[in-house]
Protein chains: 2
Amino acid sequence: MRISKRTDYALRALFTLLDHYRGAPIPIRELARRNDVPKRFLEQIMLDLKAQGWVDSVAGIRGGYVLARSPEKITMGEVVRHFDGVLAPIECVSVMGYKRCSQEPVCRFRRVFLDTRNYIAGVMDRATLAEVAKGLPVSRQEVSANFNGGEGI
Amino acid sequence: MRISKRTDYALRALFTLLDHYRGAPIPIRELARRNDVPKRFLEQIMLDLKAQGWVDSVAGIRGGYVLARSPEKITMGEVVRHFDGVLAPIECVSVMGYKRCSQEPVCRFRRVFLDTRNYIAGVMDRATLAEVAKGLPVSRQEVSANFNGGEGI
DNA sequence: TTAAATCCGACTGGTTATATCGTATTTTGT
DNA sequence: ACAAAATACGATATAACCAGTCGGATTTAA
């Protein structure tokens, strides 16, 4: 049920680049320091983001990375899918990574996973960098809101 | 973003046991055959389900497994959490497997993951075996419904 | 007593996650 | 010209995890 560190780190970097959209390129060293990400690992990730056309690079001293597309045109869904393959919790309800399952005609719990997949895909594909960046960081209260509520969630 | 085979197989077995609730115990051989699961692997899983108090076993010939609790008292959320650890897509928004992240005070995309986590947890924790079993298997139309809809989901 | 089941622990082989490293290349400032 | 600082690229490492297998011990009904 979890996204990879790669995805996490990629998003951190992308949002940092967004904060400096149309500004000077930001070197990996700086991206790594600010986001608390291993520099050498982030290097790989940035190459990957570049290959996807999400960022551009400037080589040489005073070089670094910049956002290549307008922040309205990059969604979290795309990023997660690129690094983690699929959004669906199980292959049989995945649109991108669908795999037939012998139990499909009789499986009942499949419906539940389909439900969650649709919600996740909906949220993630609507979550452009621009839109998400407008929001404030999550407050302490919001996180623990479900702790008392549910049945021991 | 994906659940493990263990969880998948565990759920298959549980729903089969539900279909024979209060009936004769069902041997692993049968559970494996019906659900298309490797028998020896399912053996491990059933042991695990028993340790959790979800199923009971009857040893010896004519033995097998039965549901130990009423199907209203077992949720998919519990099962997924047991095998896969957490429901949350990222540790910083997990209630069970929370891990502090240095970026929390400034992270913006965290909100999106919190959103999906809350939805997933809500659905999964309401999904009792009894309730889910009432539904019909997912139809072909339902799965592909989102294919044309979204932005290339 | 035998057949068929659960029970238990060890093991394996492959994949993935998370990096690290060495070095080549590009660019700017002096 | 040259050094400093950056990206570019490919290889390596390694630890954990996943999915599954195996051998054999124990239990029970017929």
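At what angle do helix α2 and helix α3 of chain B pack, and how far apart are their axes? Some notes on that, and on how the chains meet.

1. This is a predicted model, where local features need pLDDT of at least 70, side-chain atom pairs count only at pLDDT 80 or more, and totals for chains, interfaces and linings use all residues. Residues are numbered from 1 along each chain as its sequence is written, with chains lettered from A and ligands numbered from 1 in the order in which they are written.

2. Helix α2 (residues 28-35) and helix α3 (residues 39-51) of chain B pack at about 115°, axes 9 Å apart. Axes here are lines fitted to C-alpha atoms, for helices over the stretch in contact, and angles run from 0 to 180 degrees between N-to-C directions. Helices are DSSP runs (H or I, at least four residues) numbered from the N terminus.

3. On the α2(B) side, the contact uses B:Ile28, B:Arg29, B:Leu31 and B:Ala32; α3(B) brings B:Lys39, B:Leu42, B:Glu43 and B:Met46. Contact means C-beta atoms, placed from the backbone, within 7 Å.

4. Now the interface: 51 residues of chain B touch 50 of chain A. Helix α5(B) gives the most to that side of chain B, twelve residues.

Conventions
Contact = placed C-beta atoms within 7 Å. Helix = DSSP H or I, 4+ residues; strand = E, 2+ residues; numbered from the N terminus.
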